[in-house]
Structures are given as structure tokens and as C-alpha cells.
Amino acid sequence: MKILMVAAENGALPGGKVGGMGDVIRDVPSALVPLGHDLTVLTPGYQHFSRYQDAVQTAIIEVPFRGGIESVTLWALPPDPRHPGVNYRVLEHPLLAPCGPGKIYCDDPPGQPFAMDSSKFALFCAAVAQALVQDKLPCPDVLHLHDWHTAMVALLIHFDPALASLQSVHRVYTIHNLALQGIRPVAGDDSALTSWFPYLGWDHELIGDPRYPDCFNPMRAGINLCHKVHTVSPTYAAEIQTDSQGEGLSGDLRRAAAESRLEGILNGCEYPGDSAATDFETLLAAARRELYKWQAAGTAVTADRTLAQIAHYLESGRRPSLLVTSVGRLTDQKVSLLKTPMADGLSCMEHLLQRLGEDGLLIMLGSGDHQYERFFAELAGTATNFIFLCGFSESFAESLYVTGDLFLMPSSFEPCGISQMLAMRGAQPCLVHAVGGLADTVQDGVNGFSFGGADAPEQAARFLQRFSEVLTLRTQHPEHWRDVCERAAAARFQWADIARAYDDRLYRSGLANKR
């Protein structure tokens, strides 16, 4: 089958990844090629990717947008020898880079959430549809759309009579994170549905936001206007059908499940071979190098304090008795639990550092919401057993995955998660909140550890309790601890297996049902 994957990110392109979706778009296409499929991945060029050496412009697409016609260019990128058989294409236009070349997402002001991004992706989606109907791209058997950024392709195909010839194409929609929906007004704003597509008619019951009647919800459009809806773990697929976790779209998702359109398929992980653990001194030296780079680039936050901590450890020659690690974006989803106040007024994070003790060390790598950056920087300024690197480095993250003793991932919710798989691959057990893909990958007491709880205070209390139990297990039952580490390392979430599930449950079964 010819499969066209359309997404905002592509980790196969340097600088093309922001989050886990970029990993999926990088890895799953090449896993589908051995099954006999012809794969093309299409993303915005962001006025950056088309400047690659050997990139070739292949077409100019005339796109109706905002009452006029925009000329969008289609570019073919050179093949990637790491992903043989996958074709990479990008669409280019100045409006696809409103925040500067290469910037995938914009930081919209609080009063205008998704405004710049929505307009950018509206033009992108219109260009995708026009590229297909104008034969500038080969029409696929399967059109696989990823997250809200691409849902307007389904909207246009469904409601625009000029695109009627595309309605027979099998449409698959993947939800990577239901919490981000791209909601914008129907009208009355430059970044609104009627501003982008003034000629379009639609059914508000299929695409309107259920909570804000005057708004358009791209995520809802993707769910209701595609033949198959996929989310990135079985547990998350069940969770989002509940009113408490459905982000306003639980009714649409329950209907999709009742119609056999909703599938939960776990993401995978690459296993390139054994990665040797880094010794503690080499790890700290790598951290110091990253901080110097960030300082030179003017992006380092509180680097002086962190460099002093690193120097202290290097000079003392002491390795902590337990190295705890954490890698990820600093957002409500990922780290709000750590800021939760406990009964004595101290935060969950402060209690965790107390329980870790002076013989242990927590190294956290991440950036994101400024309130969390400040929170962790201030803690690291007073706690001698906590090193916080405010930024991101894939190479240093990999060193943490293979060197740490225990990985923390207390996400409030987690559609799938990749960090826990990477830590497990490095034989590092994980302590996780048993939600979404974390529940599907980490088995408590078997290949890692987990906790639950009805609300944030209870979850924080259980997290700390489980952390203490893990510390006790490691010191008092070393054989059991080694077994857990070995089972973590042996766990496999192979992309080849995930690709077969895509093929069976998203592509072939969907086409068979349509026939």
C-alpha cells in the first residue's frame, strides 16, 4: 500500500523533533517498509528543511487560503540511509515559519492559545489536500494524520466539494496527546476557521468544541472524520473514554470505540545494541560540557551553581550510593506532582530529596514551563544531593538512561512515554505513575515500580512511600533488585511488532471494513 504520513514533527530530520511524536514519525515508517508498504512522510519545511543540501523543489501548489491563493512549494529531501525506503517531503511557505526559520511551535500569548500555530497548520493542511487533488503528490491508499496539527486535512476532505475525489482514501488519525487540541474560534478572529476557509460549509456537531460553542476543535474533527482513530497505548485508549480524562471528547471517543474505530497500540523503541554505562566522573564531565555549551549560546539557567556542584563531586571523587535520574519536558503533565505540597507545607520534591539522603544524588535534565524551571533551580541551589540541568541534550540524556540506578517518571497522565523505555533499555528500573503507556510498560515489582492514587495529594504520598520502599529493596534485597534491573533490560517494545499492529488494525482492517 502507498501510505502518506502527515505530521508536524519528524525526528529523522535534524532539528525536526520536539517530543515523542517526532520519535514515532522517525521510526515507524521504516518499520512498515519491510511489510511491503511504500512510505512517504510529509511535514512543514518551516523555512528550514528545504535548505538541506540536495533538497529539490518538485512542485508549486496553488492553495485557497484566507480568501486568496497562496503558492506553496513542495520539496523532496534526500533519502536517509538510516531509514531506507522512506521518502521525505516538506511543504514550504513563509507563513509556515511565523516564529522564525526552523521553529516548529510558537509560544502564543495566554489570551491567544494556538493562534499562530493554528493558522500555520491550517495552511499546511490545505496545501496537503491540494497537493493530492492536483496530483503534485501520488494519491495514497492510506492517509495517516498525526495529532491536531494535521486534523484539518480530514476536515477539508470531508466538507470541501472540490476535494470529493479524496474521500475514498482511507484516513487514520493518531492521538499523541489528547490534552493539546488546537482549539480556535469559528469566526471573529484572524486565526479562526472562517478566516482560513471562508468558502467552507461544515457540521458543527462533528467539529465544534463541546465546551466552547463558538469554537472549532481540530482534535474532535480528526476523531470524527477519520476511518480509524489510534492512540499510543491500550491503557490510554481506555482512559480517554472516561469523562474525567477525555478532555471534553470522551463522548466522541466512546462512539469511535463502539464503532470499532478506536485502537490503542503502544509506541515502540529502537534497540541498536548494548550501550555501555558511563562512569560517574565521565557523566559529570559530560554535564559540565553541556553547561559550557549552553552558556556560550546564552541559554543556560543558573549554570554557575550547577557547575560548582559538579566541581564539588569531581574533586571529592565520591560516587553517590544511589544515582536517581529524570529526563523530560518541565510541564504540568510531567512534573506537577513533584511540586505538590505535603501536609507539612514542604513539596513532594523536597520530601523526596530528604528520603534520598546525602549519600544519594538526583540529576534532572529538562526545560519548559518557567515556573518549574525556577522551582527546580531554587531547590538545586539549596539541596546538595540535587543537580538540575535546565536545558536538553540528547547525548547527555542517553548517558543518564544508561548510567542511573533509578529513573523517575511521575507524570500526571502519559499517553505512551518513551523515556521509561529508554531507561529500561539501559537496565535502569523506573518508578512511574501507573497511567497510560507507563502502566503498559512498567510492571510493579517485576521490571520496575509504580504507584497510583485518586488525586494529586494521594498520588504524591504514594509516590514517596513507593520511593522509600524501593530504597529499602535495593539495600536489603540486592538479589531481587538485580532481577528487576535484568527484567527491565530484557523488556522489548520493538517497532517491528508495532508496525505489524498498525498494518493489521489500522490499515488493512480499516480498508476491509470500508469495502
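**View 1. Ser119 in helix H2 of the predicted model.** Ser119 is found in helix H2, which covers residues 115–133; helices (H or I, at least four residues) and strands (E, at least two) are DSSP runs that are numbered from the N terminus. With a relative accessible area of 11%, Ser119 is buried, where buried means under 20% relative accessible area, exposed over 50% and partly exposed in between (1.4 Å probe, protein chains only). When its neighbours within four places in sequence are left aside, Ser119 is in contact with Phe65, Arg66, Asp190, Ser191 and Trp196, contact being defined by heavy atoms within 4.5 Å. This is a predicted model, in which local features need pLDDT of at least 70 and side-chain atom pairs count only at pLDDT 80 or more, while totals for chains, interfaces and linings use all residues. Residues are numbered from 1 along each chain as its sequence is written, and side-chain values use heavy atoms, with hydrogens and water left out.

**View 2. The disulfide between Cys99 and Cys106.** The structure holds one disulfide, a term used for a pair of cysteine sulfur atoms within 2.5 Å. Cys99 and Cys106 form a disulfide in which the sulfur atoms are 2.2 Å apart. The torsion about the S-S bond of Cys99 and Cys106 is about 125°, so the disulfide is right-handed. Cys99 counts as partly exposed at 28% relative accessibility, whereas Cys106, with a relative accessible area of 8%, is buried.

View 3. Cys139 counts as partly exposed, at 37% relative accessibility. At 0% relative accessibility, Cys348 counts as buried.

View 4. Most residues other than glycine have a negative phi. Ala427 counts as partly exposed, its relative accessibility being 33%.

**View 5. The whole chain, as the setting for the close-ups.** The chain contains 19 helices and 17 strands. Its radius of gyration is 23 Å, close to the 24 Å that the globule rule gives for 515 residues, so the chain is as compact as a globular protein of that length; the radius is taken over C-alpha atoms, and the rule is 2.2 Å times the number of residues to the power 0.38. The C-alpha trace spans about 70 × 50 × 45 Å along its principal axes. Of the 515 residues of the chain, 57% count as buried, and among contacts between residues at least 6 apart in sequence, 72% join residues at least 24 apart.
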